[in-house]
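Hi,

Here is the structure I promised to pass on. Have a look at it first, and my notes come after it.

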Amino acid sequence: MDTNETLDIKTFLDQDEKKDLLRLLTAGSVDDGKSTLIGRLLFDSKRIYEDQLSALERDSKRVGHAGDDIDYALLLDGLKAEREQGITIDVAYRYFSTNKRKFIIADTPGHEQYTRNMITGGSTANLAILLVDAQNGVITQTKRHTFLVNLLGIQHVVVAINKMDLVNYSKEVYDKIVTDYKEFITGLDIPDVNFIPMSALKGDNVVDTSKNMDWYHGECMLEFLENVHVSSDRNFDDMRYPVQFVNRPFEGFRGFASTVASGVIRQGDEVLALPSRNKSKVERIIGTHGDQEYAFPPQAITVTLEDEIDVSRGDMLVHPDNTPRADRHFEAILVWMDEEPMDPETQFYIKHTTNTTKARIDDIRYRIDVNTLEKTKVESFGLNEIGRAVITTMKPIFFDPYEKVATTGSFILIDPVTHNTSAVGMIIDKLSDSELPTRITDMDREKIKRGEALVSEQERQKRYNQKGHTLWITGLHGSGKNELAYTLEKQLFDLGATVVLMDGSTVRSGLSRELDHSPSDRAEHLRRVAHVARLLNDQGIITICSFISPDEDIRRQVKEIIGQDRMHTIYMNADIDFCRKNKPDLFEKADKGELKYMPGVDEEFQEPKQAEITMRPEENGKNPEKIIDYLNRQGIFPAE
Amino acid sequence: MDKYTLTHLRQLEAESIHIMREVAAEFENPVMLYSIGKDSSVMARLAEKAFKPGKVPFPLMHIDSTWKFSEMIKFRDSYAKKMGWDLIVHYNKEGYEKGVGPFTHGSKVHTDIMKTQALLQGLTKYGFDAAFGGARRDEEKSRAKERIFSFRDSFHQWDPKNQRPELWNIYNAKVHKGESIRVFPLSNWTELDIWQYIRLEDIPIVPLYFAKERPVVEYSGALILVDDDRMPKELADKAKMKKVRFRTLGCYPLTGAVESDADTVEKIVEEMMTVTQSERTTRVIDFDQDASMEQKKREGYF
């Protein structure tokens with residue numbers, strides 16, 4: 001290879017590195033020839049690439065080994081195999097490039113039961129290819145796909161009228177389909193709709209212009225995909241910068257890293273931070289190759305500000321004269337993605353831009369039938385169902401209507417227990433507050449009237465992965481109860497349990513402050529503790545109570561309050577000498593009579609007759625583990 | 001290209017950085033699995049860019065099967081040192097002591113013990129809740145449908161039937177204790193993109209990728225480099241010098257070389273544009289059984 005030639009290749013590569021990226025969705029079933037089309041695009045574009053390159057080279061290389069014998073069945077077989085294995089037919093991403101563009105195809109199946117897959121694949125697409133079988137014309141499936149494409153705000157649609165070879169390449173057939181489709185989309189807002197008659201099987205109008213349809217003067221599929229102008233689809237007007245990561249690597253540098261969601265951010269711009277509404281100016285914009293003057297979507301940058309204002313993940317930087325809405329109520333189109341149908345009682349996590357909070361579906365306005373576009377009032381959504389719903393979040397979120405800014409107008413709902421992505425949403429223009437239903441439904445009101453919690457015991461159990469029970473540790477002063485209680489709390493916490501610990505000194509310093517150690521006051525003190533434990537257990541929280549509680553009667557009373565099967569007595573059985581050694585001052589005072597009502601000295605300590613567990617303080621190293629094992633066996637933590 | 005348009009490489013770069021920052025923000029203890037290969041080199045460079053001017057807030061972990069090309073190990077150590085990465089190297093000590101290797105135990109047993117098991121040990125040992133991997137969707141059929149945030153249960157297993165839907169650039173990072181997410185920031189890159197980016201960014205890579213005269217032997221239908229004296233003598237004796245390079249790098253007895261003259265990144269890219277075979281065909285391990293990649297992935301392999 002001589003120098004000249006090397007230079008040519010370098011130039012070629014320099015050019016090739018500068019091509020842009022088009023993400024597209026293909027929808028249709030295998031029967032429409034979708035796989036054949038994709039197969040052709042994948043293989044034939046490769047051939048073109050190769051030809052292009054070989055032209056640069058003087059010596060003849062092997063040319064066109066992709067040849068005429070392309071095995072499109074490879075792709076078809078892939079899908080078939082999936083079906084036979086019973087694997088969910090999913091979105092498959094496929095890649096090809098020409099020297100003008102790189103293409104990412106989200107290949108999704110067409111049937112109604114795969115609506116969620118099509119929504120997934122379409123969420124990142126700039127363009128959709130809808131396949132129509134020329135023999136069948138515009139059918140329900142075509143309409144459904146068009147509706148979904150419109151819902152996702154995809155601006156460019158290509159209706160690929162395929163299998164033209166089977167209708168004798170008839171212009172009349174093509175014209176009729178075009179007319180039918182145009183009629184159907186009146187009223188839908190798709191700015192750019194195109195029609196290409198083709199035969200994927202024969203290669204007409206896929207990569208090369210067809211010689212069989214001289215009446216068609218438009219571009220073939222690949223040409224069209226290479227040339228379609230999509231960059232103006234992005235919003236350059238409304239600057240939204242949802243802070244993703246606060247970068248504070250060293251003293252004096254505080255950068256807010258994120259991806260520009262929309263609009264253009266420039267050095268020196270005045271920006272407003274939401275929700276704090278503090279203002280500052282953009283000092284630096286650090287891009288992937290050094291500082292830059294401005295940034296636009298989808299650039300990933302780091303911004304520093306002139307002033308030290310408080311900004312954290314989930315906050316948003318915007319221009320002060322162009323702000324998104326900040327609200328807890330909004331309406332959205334929801335698509336149900338989970339096998340589990342929607343439970344109106346669930347408090348979901350909502351992830352919106354970089355912000356995660358809680359959300360609840362207050363009301364469903366209607367469900368849309370994806371085939372007929374009819375609206376029906378329903379109480380809940382099932383898999384693949386789509387409809388309009390009213391949502392309330394715990395914290396305000398900063399949003400725009402999806403059709404204006406897709407990034408700030410989209411969100412996902414995550415099931416609080418399974419963590420599945422249950423639904424996805426696209427926010428629609430907000431109605432005035434008075435038109436939105438209130439946050440509390442009538443059913444909820446009834447429950448509150450009856451004093452019933454809106455969260456069930458089962459829900460709490462699932463959330464915390466535990467049952468709300470009480471571990472009551474009884475034993476003498478100095479017996480090692482507290483040591484056990486505190487190490488147990490720590491170990492349970494580390495294992496993910498939600499635990500509250502109560503002991504004599506903490507409760508007596510507050511809740512029981514006016515009470516002394518006399519038997520009657522002690523009874524009152526422990527009654528209070530028992531009620532607190534009960535409240536906490538009702539909320540699903542495990543409590544560890546470490547109290548001398550020397551009296552069998554009182555312990556029985558405590559158990560009645562907390563619940564017979566919810567309280568577990570742990571007896572810390574220490575010898576009195578051990579206790580004395582441990583707390584010599586205290587016992588000395590009691591011996592001298594300076595301290596009254598000291599169990600083991602001037603008052604009896606009644607050993608519990610029915611302790612679930614008895615322990616020795618000498619084994620405190622292993623005792624917490626034994627209790628954790630007990631909780632495990634009883635199905636208390638982790639909950640069964 | 002107008003002033004508000006990004007090239008395909010810059011778009012891919014931005015997407016990968018977004019993914020990495022999302023993981024750094026949402027997980028307590030992420031790690032980047034570093035295989036020393038070209039994809040890992042690109043992934044590490046992207047991480048450096050994502051957190052600039054700071055240090056990357058997670059370590060690199062290399063699962064050393066103890067059968068890697070010696071040039072890889074040299075490259076790894078000098079790269080980590082130069083860039084100031086925290087580097088964790090984990091290997092299956094028990095397997096190593098038992099002398100498990102591809103020549104004696106076959107590729108299947110070796111891969112399971114020294115790679116899959118070693119990886120799971122490493123992840124468990126440090127309690128990582130998110131692990132970046134450099135896998136791309138164009139590599140293999142079963143990867144084409146894998147998510148960018150790929151959920152693993154507490155046994156590190158992947159359930160292809162039960163993947164979380166993934167829309168826009170919103171990633172569901174919720175996991176229970178013990179569960180984790182494998183994150184693939186290079187999902188949408190192709191082999192060609194990787195090479196173009198290496199060229200664009202002048203990213204250092206292991207010299208084995210460039211064609212050079214090397215001693216190779218034919219073994220299981222592939223060209224295997226004589227990398228050290230653990231290769232059985234009767235095989236090593238058959239070595240011939242050939243001008244070869246590697247399209248992927250792994251364990252030296254399991255990674256086939258291709259005959260090539262491509263000794264610069266330009267020539268590699270040129271070769272890329274005209275090759276007709278997928279890069280994984282040079283990996284011996286894929287021929288073990290049908291749908292083997294999907295099987296390995298279910299068991300926890302990357």
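First, the ground rules. This is a predicted model, in which local features need pLDDT of at least 70 and side-chain atom pairs count only at pLDDT 80 or more, while totals for chains, interfaces and linings use all residues. Residues are numbered from 1 along each chain as its sequence is written, chains are lettered from A and ligands numbered from 1 in the order in which they are written, and side-chain values use heavy atoms, with hydrogens and water left out.

Chain A has 17 helices and 28 strands (DSSP runs: H or I of at least four residues for helices, E of at least two for strands, numbered from the N terminus). Of its 640 residues, 55% are buried, meaning under 20% relative accessible area with a 1.4 Å probe, protein chains only.

Now the interface. In chain A, 86 residues are in contact with 69 residues of chain B (heavy atoms within 4.5 Å). The two chains bury about 6,700 Å² between them, 57% of it on carbon and sulfur atoms; this is the accessible area (1.4 Å probe) lost on being put together, summed over both. A:E17, A:T288 and A:H419 supply 10% of the area that chain A buries there, more than any other three residues.

The rule also finds eight salt bridges across this interface (a side-chain nitrogen of Lys or Arg within 4 Å of a carboxyl oxygen of Asp or Glu). One joins A:K102 to B:D193, with the closest N and O atoms 2.2 Å apart. Helix α1 (residues 3-16) of chain A gives the most to the side touching chain B, with six residues.

Best wishes

Methods
Buried means under 20% relative accessible area, exposed over 50%, partly exposed in between (1.4 Å probe, protein chains only).
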